[in-house]
Amino acid sequence: MQAEIFETLKSVLRARRMTYAELGKQLGTSEPTIKRLFASRDCKISRLSEICAILGLSLDDVVAQASRGRNHAAQPW
């Protein structure tokens, strides 16, 4: 599920044409730190909430979208 959450966040970043550097600046951290966070797909829920807030999303919405993507990917279409 963590992988799907981060893939959802990456999709939103791409759709909004926001770079990791821009996200890092808004979070008060560096681009390399954001890259590591997305590469490892692991961080505190508080950090995920901050990212969601910057993107104008709720964490619940991101989790729901990630869950839908996960279920869709599991379908043998």
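Being four residues apart in helix α3, K35 and E31 are separated by about one helical turn, and their side chains meet in a salt bridge of 3.5 Å, N to O. By salt bridge I mean a side-chain nitrogen of Lys or Arg within 4 Å of a carboxyl oxygen of Asp or Glu. K35 is partly exposed, with a relative accessible area of 43%, and E31 counts as partly exposed as well, at 33%. Here buried means under 20% relative accessible area, exposed means over 50%, and partly exposed lies in between, with a 1.4 Å probe and protein chains only.

Good morning, colleagues. The model before you is predicted: local features need pLDDT of at least 70, side-chain atom pairs count only at pLDDT 80 or more, and totals for chains, interfaces and linings use all residues. Residues are numbered from 1 along each chain as its sequence is written, and side-chain values use heavy atoms, with hydrogens and water left out.

Let me turn to the overall layout. The protein chain has five helices and zero strands, so its elements run α-α-α-α-α from the N terminus on, where helices (H or I, at least four residues) and strands (E, at least two) are DSSP runs numbered from the N terminus. Of the 77 residues, 25% count as buried. Among contacts between residues at least 6 apart in sequence, 63% join residues at least 24 apart; contact means heavy atoms within 4.5 Å.

I continue with the salt bridges. How many does a search of the whole structure find? The search finds four. One of them joins the side chains of E7 and R41, at 2.8 Å, N to O. E7 lies in helix α1, residues 2–15, and R41 in the loop between α3 (31–40) and α4, so this pair ties together parts that are 34 residues apart in sequence. E7 is partly exposed, at 31% relative accessible area, and R41 is partly exposed at 30%.

Another salt bridge links E50 and R47, at 3.1 Å, N to O. Both residues lie in helix α4, three residues apart, about one turn of the helix. E50 counts as partly exposed at 39% relative accessibility, and R47 does so at 24%. Salt bridges that share partners also join E7, K10 and R41 into one network.

Next, the packing of two helices. Helix α2, residues 20–27, and helix α4, residues 45–54, pack at an angle of about 110 degrees, with their axes 10 Å apart. Axes are lines fitted to C-alpha atoms, for helices over the stretch in contact, and angles run from 0 to 180 degrees between N-to-C directions. The two helices are therefore roughly perpendicular to each other, a term for angles of 65 to 115 degrees, while under 35 counts as roughly parallel, over 145 as roughly antiparallel and the rest as oblique. Which residues meet between α2 and α4? L23, Q26 and L27 in α2 meet R47, E50, I51 and I54 in α4.

Finally, I34 in helix α3. Is I34 buried or exposed? I34 is buried, with a relative accessible area of 1%. Leaving aside neighbours within four places in sequence, I34 is in contact with Y20, L23, G24, L27 and T29. The C-alpha atoms of I34 and G24, 10 residues apart along the chain, are separated by 6.0 Å. Thank you for your attention.
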